[in-house]
Amino acid sequence: MNALAALGARALRVLQGWGHGALFFLDLIRVLPQALRRFGLVVVQMHAIGNRSLLIILASGLAVGFVLALQMYYALVTYGAAESLGLVVNLTLVRELGPVVTALLFAGRAGTSLTAEIGLMKAGEQLAAMELMAIDPRARVLAPRFLAGVLAMPLLAALFSSIGILGAWLVAVGLIGIDGGNFWSIQQNGVDVWRDVGNGIVKSAVFGVICTFVALYQGYETEATPEGVAYATTRTVVMSSLAVLAMDFILTALMFSTR
Amino acid sequence: MNPEALIEIDHVTFGYDERRTILNDVNLRFARGKVTAVLGGSGCGKTTLLRLIGGVHGVNSGRVVFDGEVINASDRAQLYRLRRRLGMLFQFGALFTDLSVFDNVAFPLREMTDLPESLIHDIVLMKLNAVGLRGAARLKISEVSGGMARRIALARAIALDPELIMYDEPFAGLDLVSMGVAAKLIRTLNDVTGATSLVISHDVPQCMAISDWVVLMATGGRVVAQGTPAELMASTEPEVRQFVRGEPDGPVKFHYPARPMAEDYGLPAAGGGVAP
């Protein structure tokens with residue numbers, strides 16, 4: 001009976017946490033117009049968030065492009081389809097790896113940074129000071145960062161995919177010896193702007209909402225102690241990553257269904 | 001409502017959870033235009049009292065009245081309206097570390113008013129001058145000392161000329177010179193601006209020197225005594241005497257309540273064993 005009661009209490013706590021998170025999200029949406037009216041704050045945050053992630057996004061994109069070209073070539077050449085390498089790499093990056101890997105890297109780089117920043121602002125009573133100045137910290141601190149994260153993610157994903165395709169071109173044309181004209185023309189013919197690129201952008205925008213919200217929520221609700229902030233940053237990475245992977249499956253099923 | 005009181009704490013009981021009561025049926029009046037000090041040891045509920053006045057938490061029972069208006073912690077619009085009339089100095093300053101000294105003081109002016117930047121510039125320098133830090137306007141927060149940070153936070157707290165200024169442990173961690181400067185500032189600002197000042201501290205000499213009225217609180221959120229500094233200094237009440245004179249022995253115990261010492265050390269309970 002005790003175990004049952006403990007299970008029930010745990011389930012209630014989880015539900016309470018979800019409910020609290022949902023209300024927090026609605027509250028954040030409610031104050032977004034205030035951030036839009038002061039777009040300068042959003043631009044500052046976009047610069048900060050984008051810059052924080054740019055190097056790792058570009059380096060990872062290039063490395064993924066290199067490896068993808070090699071692996072795909074080994075598989076395709078077996079079936080005499082090596083000429084379609086450019087198309088396969090492009091679709092893999094634009095539809096899947098671009099949005100997903102960018103989101104995972106964003107969660108690890110910018111997400112943890114956001115959580116730690118907000119958490120330390122809480123620990124240093126900066127958020128409480130704003131509250132007592134009659135300034136809503138959700139509107140002044142969280143909303144600009146949220147918008148910046150949501151806008152930055154598709155841009156970072158586009159850069160990841162672009163540099164990945166460039167990396168694949170270097171390997172395919174420079175190393176393997178595939179015809180350069182064929183590498184690009186097959187992409188031009190096979191990639192649809194709306195179905196492939198457009199859906200990739202929608203995916204990365206959704207991942208932007210997930211990663212930025214989780215990071216801000218964890219920072220804002222953290223226990224204002226060194227252990228609390230450390231725990232919150234870890235939770236940001238774990239929760240963002242799991243949510244992104246789960247949402248990726250759902251979006252892929254909805255967007256690219258053959259039925 | 002007492003017209004002389006800006007803040008009334010009326011039979012307030014508060015605890016962060018059901019098991020722990022921080023304030024227990026507290027009744028206080030903070031007179032308009034005066035400096036009132038709330039003294040007490042650590043954990044007696046002083047800072048909680050400030051948070052209740054600022055509407056950070058709602059009371060469990062009783063009411064907190066600000067200038068005739070009962071504070072309702074769940075009414076955000078009312079809270080923000082009332083908070084525009086108060087300034088608070090946090091224990092560690094709570095300065096924005098990504099902004100300069102100037103921008104920290106300008107922050108509430110830029111956020112809460114539509115004043116032109118030229119006027120904000122003049123007001124900020126005026127406030128910084130009042131705390132003796134006009135020359136530090138362009139410094140980063142990482143470049144100022146603890147005492148300076150406290151004064152910058154004070155300049156920010158008075159940027160919008162509040163009616164009530166609340167000071168949370170303004171003397172904690174300061175050297176003697178900085179402490180004297182801070183105490184003089186609190187008194188001077190109160191006299192010059194006509195604001196009501198509420199100082200939360202455990203520093204007896206400084207508070208006695210600058211306050212018009214002193215409230216002494218004790219563990220359990222009880223008000224032990226209140227009166228003018230002279231009245232409290234002359235009090236023969238053991239709890240008051242112990243606190244204002246800093247005596248180690250008295251009604252306030254040094255040891256946290258514990259089991260008999262023999263039990264903790266696993267010794268046989270002998271007659272005459274000492275248990276704190």
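Modeller: The model is a predicted one. In chain B, 38% of the 276 residues count as buried.

Biologist: What makes a residue buried here?

Modeller: The cut-off is 20 or more other C-beta atoms within 10 Å of the residue's own. In helix α3 of chain B, residues 101-112, the buried residues are B:Val101, B:Phe102, B:Asn104, B:Val105, B:Ala106, B:Phe107, B:Pro108 and B:Leu109.

Biologist: What do the buried residues of α3(B) pack against?

Modeller: They pack against α4 (117-130) and α5 (146-157) of chain B.

Biologist: What is the overall make-up of chain B, and what box do its C-alpha atoms fill?

Modeller: Its secondary structure comes to 10 helices and 10 strands. The box is roughly 80 × 40 × 35 Å along the principal axes. Of the contacts in chain B between residues at least 6 apart in sequence, 62% join residues at least 24 apart.

Biologist: Now the sheets. Which strands of chain B form the open sheet of 4 strands, and in what order?

Modeller: The order is β2-β1-β4-β5, with antiparallel pairing.

Biologist: Why do β2 and β5 of chain B stand at the edges?

Modeller: β2 (23-31) and β5 (69-70) of chain B each have a single partner strand, so one side of each lacks a neighbour in the sheet.

Biologist: How do you know that β1(B) pairs with β4(B)?

Modeller: Pairing requires at least two bridges. Strand β1 (residues 5-14) and strand β4 (residues 61-66) of chain B are joined by 5 bridges and run antiparallel, and they therefore count as paired. B:Ile9 has B:Val64 as its bridge partner in β4(B), and B:Ile7 stands opposite B:Phe66 in that strand.

Biologist: What is the order of the open sheet of 6 strands in chain B?

Modeller: The strands run β6-β7-β8-β3-β9-β10, and the pairing is mixed. β6 (86-89) and β10 (222-227) of chain B have a single partner strand each and so stand at the edges. From one strand to the next, the twist averages 15 degrees.

Biologist: What makes β7 and β8 of chain B a pair?

Modeller: Strand β7 (residues 164-168) and strand β8 (residues 196-201) of chain B run parallel and share 5 bridges, where two are enough. B:Tyr167 stands opposite B:Val199 in β8(B). Helix α5(B) packs on this sheet, touching β6 and β7 of chain B, and its direction makes about 175 degrees with that of β6(B).

Biologist: Turn to chain A. Why are α3(A) and α8(A) called roughly antiparallel?

Modeller: Helix α3 (residues 85-123) and helix α8 (residues 226-255) of chain A pack at an angle of about 150 degrees, with axes 9 Å apart. Angles over 145 degrees count as roughly antiparallel, and the label therefore applies to α3(A) and α8(A). The crossing of α3(A) past α8(A) is right-handed. Residues making the contact include A:Ala107, A:Gly111 and A:Thr115 of α3(A), and A:Ala232, A:Thr236 and A:Ser240 of α8(A). The contact residues divide into 11 nonpolar, 10 polar and 1 charged.

Biologist: How many residues are in contact between chain A and chain B?

Modeller: 11 residues of chain A are in contact with 13 residues of chain B. On the chain A side, helix α4 (residues 126-132) gives the most, with 5 residues. That side divides into 6 nonpolar, 2 polar and 3 charged residues.

Biologist: How do you know that A:Ala129 is buried?

Modeller: A:Ala129, in helix α4 of chain A, has 25 C-beta neighbours inside 10 Å. The cut-off is 20 or more, so A:Ala129 counts as buried. Leaving aside neighbours within four places in sequence, A:Ala129 is in contact with B:Phe90 and B:Ala94.

Biologist: How far apart are A:Ala129 and A:Val88?

Modeller: They are 41 residues apart in sequence and 53 Å apart in space, C-alpha to C-alpha.

Terms used:
Residues are numbered from 1 along each chain as its sequence is written. Chains are lettered from A and ligands numbered from 1 in the order in which they are written. This is a predicted model: local features need pLDDT of at least 70, side-chain atom pairs count only at pLDDT 80 or more; totals for chains, interfaces and linings use all residues. Axes are lines fitted to C-alpha atoms, for helices over the stretch in contact, and angles run from 0 to 180 degrees between N-to-C directions. Helices (H or I, at least four residues) and strands (E, at least two) are DSSP runs, numbered from the N terminus. Angles under 35 degrees count as roughly parallel, over 145 as roughly antiparallel, 65 to 115 as roughly perpendicular and the rest as oblique. A crossing is left-handed if the near helix is turned anticlockwise from the far one by less than a right angle, and right-handed if clockwise. Two residues are in contact if their C-beta atoms, placed from the backbone, lie within 7 Å. Ala, Val, Leu, Ile, Met, Phe, Trp, Tyr, Cys and Pro count as nonpolar, Asp, Glu, Lys and Arg as charged, and the others, Gly among them, as polar. A residue is buried if 20 or more other C-beta atoms lie within 10 Å of its own, exposed if 12 or fewer, and partly exposed in between; C-beta atoms are placed from the backbone.
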